[in-house]
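Student: I would like to learn how to read the features of a model such as this one. Please start with charged side chains.

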Amino acid sequence: MNFDVLIIGGGVSGLQCALVLGSAKEKPFAMDKKIGVIVHQKASHLQNALFNNVLGLPAKTIGRNILVEGRQQLSTLYPTISQIEMEKVISVDDFKDVYKVVTNKGTYTSKIVIIALNYSKPFTITGLENFIEPHEKANPEKDRIQLKNKEGFIKDGLYCCGTIAGCRSQFAIAAGSGAAVATDILTLWNGGNHIKIHDKL
């Protein structure tokens, strides 16, 4: 299966990225784009989270519920985005001007790949080893990692967001990182003209 964007990771940053990309599907520069998200990877840190300090979320919101409801929100609002379940990514490699993403069940190609995993070890996706470095904003004793990037950009066609991009493990920060990468990609598709996507009443 071929994609224009394939997001690896269905946690807060990956789902937020997918939601922003999906919300632009009616724009002329985005309507023909094929977008996918591999939602099954490592267990998310959201599983055990309880949120009282996130704007817009009711107090005592449970993280594992966000994972379920976020995927439902994505499928309801933007059903053209493919959600790939029960597949673990094994490798990401350059391949004839696209990226080849191999999972335990299949192979995909995508013009753009976004790594949206958490910052825990081990990081087992081959092809990305040269970009791994210690996390700059995590407690050194926890031995967290990030991918070398500049505001989510690793190299042409390869991005990251959330804690693997060097963000702190804070819900709003991770979500914002996913949204930021999505708007960077939309700007790219829009011929370099900066864009943000908001629905209006």
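Tutor: A salt bridge is counted where a side-chain nitrogen of Lys or Arg lies within 4 Å of a carboxyl oxygen of Asp or Glu. This is a predicted model, in which local features need pLDDT of at least 70 and side-chain atom pairs count only at pLDDT 80 or more, while totals for chains, interfaces and linings use all residues. Residues are numbered from 1 along each chain as its sequence is written, and side-chain values use heavy atoms, with hydrogens and water left out.

Student: How many salt bridges does a search of the whole structure find?

Tutor: The search finds four. One of them joins Asp143 and Lys121, whose closest N and O atoms are 3.0 Å apart. Helices (H or I, at least four residues) and strands (E, at least two) are DSSP runs, numbered from the N terminus. Asp143 lies in the loop between S9 and strand S10 (145–147) and Lys121 in the loop between S8 and S9, so the bridge ties together parts that are 22 residues apart in sequence.

Student: Are Asp143 and Lys121 buried or exposed, or something in between?

Tutor: Buried means under 20% relative accessible area, exposed means over 50%, and partly exposed is in between (1.4 Å probe, protein chains only). Asp143 has a relative accessible area of 42%, so it is partly exposed. Lys121 is also partly exposed, at 46%.

Student: How many aromatic pairs does the structure hold?

Tutor: Rings of Phe, Tyr and Trp (its six-membered ring) pair if their centres lie within 6.5 Å; planes under 30 degrees apart count as stacked, over 60 as edge-to-face and the rest as tilted. The structure holds three such pairs. In one of them, the rings of Phe3 and Tyr108 have centres 6.1 Å apart and planes at 50 degrees, so this pair is tilted. Phe3 belongs to strand S1 (residues 2–8) and Tyr108 to strand S8 (residues 107–115), so the pair ties together parts that are 105 residues apart in sequence. Phe3 and Tyr108 are both buried.

Student: What kind of aromatic pair do Phe153 and Tyr159 form?

Tutor: Phe153 and Tyr159 are edge-to-face, at 5.5 Å centre to centre and 75 degrees between the planes. Phe153 is partly exposed, at 32% relative accessibility. Tyr159 is buried, with a relative accessible area of 8%.

Student: How should I read the nonpolar interior?

Tutor: In soluble globular proteins, nonpolar side chains tend to be buried together. A nonpolar core is a set of buried Ala, Val, Leu, Ile, Met, Phe, Trp, Tyr and Cys residues joined through side-chain atoms within 4.5 Å. The largest core has 29 residues, of which Ile7, Leu21, Ile114, Ile185, Leu186 and Trp189 touch the most other members. S1, helix H1 (12–23), strand S2 (35–38), S8 and H3 each supply at least two residues of this core. H1 gives the largest share, six residues.

Student: Which residues is Ile7 in contact with, leaving aside its neighbours within four places in sequence?

Tutor: Contact means heavy atoms within 4.5 Å. The partners of Ile7 include Cys17, Leu21, Val37, Ile38 and Ile114. Apart from this core lies another, of 24 residues, among them Ile8, Ile115, Leu117 and Leu128.
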